[in-house]
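Dear colleague,

I am passing on the structure we spoke about, with the sequence alongside. Please look through it first, and then read my notes below.

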Amino acid sequence: MSGSGAPEGDDYSATVLGSHWFSGPPATTKRMPPEEVAPDRVEGSVLRFGPGVTAAMPAPFPLDAVAAVAQPPRRSRWAGLRRYTLAAVVLAAVLVYLGWQRLGPGIEVRGVTVSTDPKGPACDAAADVVAVVATDGRPGTLTYRWVRSDGTRSEQLTERVPRGQREARLHLLWTFRGTGTYPAKAELQLVSPGQRTASVDFTYRCSP
């Protein structure tokens, strides 16, 4: 048909557009409410929704069961009291142990020996007199003095013995001058813990 203005041919097809493409939907058309979207997962009491999930997809677990699992169990007042009681017991045990270490049984002396070079010191030299105090390994303080046969004595001296050390070595340096022969004696007097004494005899010899 020549009056229609449309091209002719077997491969021609016309696309007819309705009036609503130009002016939008009629004013009298009612807008349908959006379809509800079912939740895709449940996290605690918060429901999270995702696009494209239909109500036909069942939840892996009943929502009430999942919510019950998600809620943390309530702790009773007695559970809190038990926790604090346990902490208090542990703290008390630590304090008792530290107090026992500090104020408990102190060092115990097992024996005392005194020795020096039996040949005695050389001319115008010093004799090294050594006292060995055997202990039980507990920590403590030894109080002692040295007494010499020339009539002199030291003031009270102290030696701190740490835990685990079972032997304390106490030294006396006795210096001799001049020529001649002098029989000497050095004595250790242990004042505390307990009272013990030990001594050694030696001779100073120096020929002119």
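**What was found**

The chain's secondary structure amounts to three helices and nine strands, where helices (H or I, at least four residues) and strands (E, at least two) are DSSP runs numbered from the N terminus. Read from the N terminus, the order of elements is α-β-β-α-α-β-β-β-β-β-β-β.

Please bear in mind that this is a predicted model, in which local features need pLDDT of at least 70 and side-chain atom pairs count only at pLDDT 80 or more, while totals for chains, interfaces and linings use all residues. Residues are numbered from 1 along each chain as its sequence is written, and side-chain values use heavy atoms, with hydrogens and water left out.

Of the 208 residues in the chain, 22% are buried, where buried means under 20% relative accessible area, exposed over 50%, and partly exposed in between (1.4 Å probe, protein chains only). The accessible surface comes to about 16,200 Å², with 57% of it belonging to carbon and sulfur atoms, as computed by the Shrake-Rupley method with a 1.4 Å probe.

A search of the whole structure finds one disulfide, meaning a pair of cysteine sulfur atoms within 2.5 Å, and this disulfide joins C123 to C206 with an S to S distance of 2.0 Å. The pair links distant parts of the chain, 83 residues apart, with C123 in the loop between β3 (109-115) and β4 (126-135) and C206 in strand β9 (residues 196-206). The torsion about the S-S bond is about 115°, so the disulfide is right-handed. C123 is partly exposed at 37% relative accessible area, whereas C206 is buried at 7%.
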